[in-house]
Amino acid sequence: MNLSKSLYTIAIQFPKALWLKKYKPEVLTPTDEFSQAKFNIGHAVGELACDLLPNGIKVDFNPNLEQMVIKTKELIDSGYTTICEAAFYFENILVIVDILEIDEDGVTIHEVKSSTSLKDIYLHDVSIQYYVLKNLGYKIKSANVIYLNNNYVRDDELDLKELFVIEDVTKKIQLLQEEIPSNLQTFENYLSNKQNEPNIDIGKHCKNPYDCTALDYCWKIQRDIPDYSIFNIFNLGSKKQIELYNQGITNIEDIPNDFEMTTNQKEEVNNYKSKQTYIDKTFINEFIKTLSYPIYYLDFETYQQAIPLFKGISAYEQIPFQYSLHIEYEDGTLEHKEFLANEDIDSRYELAKSLVENIPSNATILAYNMSFEKTIIRKLSNLYGEFTYDLMSIHNNMQDLMTPFQKRWYVTPSMNGSYSIKYVLPALVPEFEKAYKDLELVHNGSEAMNAYSNLKNLSNEEKIVYRKALLEYCKLDTLAMVRILEVLRKTVL
């Protein structure tokens, strides 16, 4: 058995995934663009955190990990007091300490995370490092987790001491040391049986705190659990889900009529079972009457910076870089306007300026799940006083196209009990599912975020292609809202 700290934490959450990674890796979900972006963010945050301590030196990555262990020993023997990516090996366990701080009294372990809070799984990550160093004879003074402070707002210069939180987890780590030998023995027992997968059932551990890479294999292939199942019923707790699952029930249709659920959950289940569409024409008509022409359909695209590069930004704050605006006139005419920021600048000022130029103060603005758009507009309003009046007019005139679905005035089984546009759009306007698939390069919000964030790394020719793809995707988002309202209007005729 060869373990790294990452494999150890994977095994803590889902030990079956450790076996699959070793003997059946083809069933695991490969790293996608979104996962790779998260990895890149983590790497960048780790690099920056090395500057928290003075005179740091980094052990460069080497595919021959033994060389990293040797280099670490050389640096320690040479008297370096801060070593980043310090590598250690003990009894088939390799750990790489993000930041190792050394003084005459011992060593301090610093584990760097790109999240904004301390998660329990991080403690297992640090505990295996503590275990290895302790067994190698190092005197460990303390162990810390370093993570991002999302209450910090950047000024002109980046303040690393304010950006990062350093939390001492030594006592928690020491308590976990007793578990490690038995955990290692359990993992070794699993891996020693090369022919048989561990007999571990699905449960909360499959998705908490991370989605397991064997999720599709265990749920869909091995157990044939449908995309919409008992595990998707809104607010149905895990205890109830497991109760049904233990009865051999995964399909919504198989839930007994007398199974105890809330009123909303029963409605959701009964609607799905009935295969009938429910429409409350009265309320939908009242909603439509509140909209006056011309109607401005607005959608933002945003990205995030783990390390805030611009003044007034916090870690992982949503930064708008693009919007699409479809304008529908009373005669049915559509006009389209759009904005996509230059990737080399802070996008917020130009976007705010364009927004107030294109939307009059007395307009009806329609968004889907408007709380997102409203939050963006409030932040822009607070940031740029010259646009405050116009931006807050847009904010206050906004209405939510999600309302008829959220309030269950329009419910159809193919919405799978959800009022997310992800389900509402294909249920009402099925041809748009193909329209999104036919787009070039950018098909969803995550891809848009990654594409914009990566523009600075592309050639000019590639930028032109990706910028066009971003515009086409965002344009389709607001056109989708136009078509959804069109369907709602037809229901009340």
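The paragraphs below lead through a predicted model, going from a sheet and the helices around it to a pair of packed helices, the cysteines and some details of the backbone.

Between β9 and strand β10 (residues 319-328) the sense is antiparallel, and the pairing extends over nine bridges. Tyr297 stands opposite His326 in β10, and Tyr297 also stands opposite Leu366 in β12. The strands β9 and β12 run parallel and are joined by three bridges. From β12 the sheet continues to β13, again through three bridges and with the two strands running parallel; here Leu366 has Gln399 in β13 as its bridge partner.

Strand β12 also shows how the two faces of the sheet are covered at this place. In a regular strand the side chains alternate between the two faces of the sheet. In β12, Thr364 and Leu366 lie on one side and Ile365 and Ala367 on the other, and all four are buried, so that both faces of this strand are covered.

Elsewhere in the model, helices pack against one another. Helix α1 (residues 5-13) meets α8 at an angle of about 85 degrees, with the two axes 11 Å apart, and α1 and α8 are therefore roughly perpendicular to each other. On the side of α1 the contact is made by Tyr8, Ala11 and Ile12, and on the side of α8 by Ile180, Asn183, Leu184 and Phe187. An α-helix has 3.6 residues a turn, so residues three or four places apart point the same way.

Another helix to look at is α5 (residues 120-135), which has 16 residues and reaches 23 Å from its first C-alpha to its last, close to the 22 Å expected at 1.5 Å a residue. This helix is mostly covered, since 13 of its 16 residues are buried. After α5 comes Gly137, whose phi is positive, near 95 degrees.

The cysteines come next. The model has one disulfide, formed by Cys50 and Cys84, with their sulfur atoms 2.3 Å apart. Cys50 lies in the loop between α3 (33-49) and β2 (56-58), whereas Cys84 belongs to strand β3 (residues 82-90), so the pair ties together parts that are 34 residues apart in sequence. Both Cys50 and Cys84 are buried. For Cys212, the closest cysteine sulfur is that of Cys218, and at 6.1 Å this is too far for a bond.

Finally, some details of the backbone deserve attention. The peptide bond from Asn208 to Pro209 is cis, with omega near 5 degrees, and Pro209 sits in the loop between α8 (180-192) and α9 (215-221). The peptide bond from Tyr293 to Pro294 is cis too, with omega near -5 degrees; Pro294 is placed in the loop between α12 (281-289) and β9 (295-303). Glu85, in strand β3, has a phi near 60 degrees and is partly exposed, with a relative accessible area of 25%. Asn369 has a positive phi of about 65 degrees and belongs to the loop between β12 (364-367) and α14 (370-383), where, at 32% relative accessibility, Asn369 counts as partly exposed.

Terms used: Residues numbered from 1 in each chain as written. Predicted model: local features only at pLDDT ≥ 70, side-chain atom pairs only at ≥ 80, totals over all residues. Heavy atoms only, no water. Disulfide = S-S within 2.5 Å. Buried < 20%, exposed > 50% of the residue type's maximum accessible area, 1.4 Å probe, protein only. Expected span 1.5 Å × (residues − 1). Pairing = 2+ DSSP bridges. Axes fitted to C-alpha atoms, helices over the stretch in contact; angles between N-to-C directions. Parallel < 35°, antiparallel > 145°, perpendicular 65-115°, else oblique. Contact = heavy atoms within 4.5 Å.
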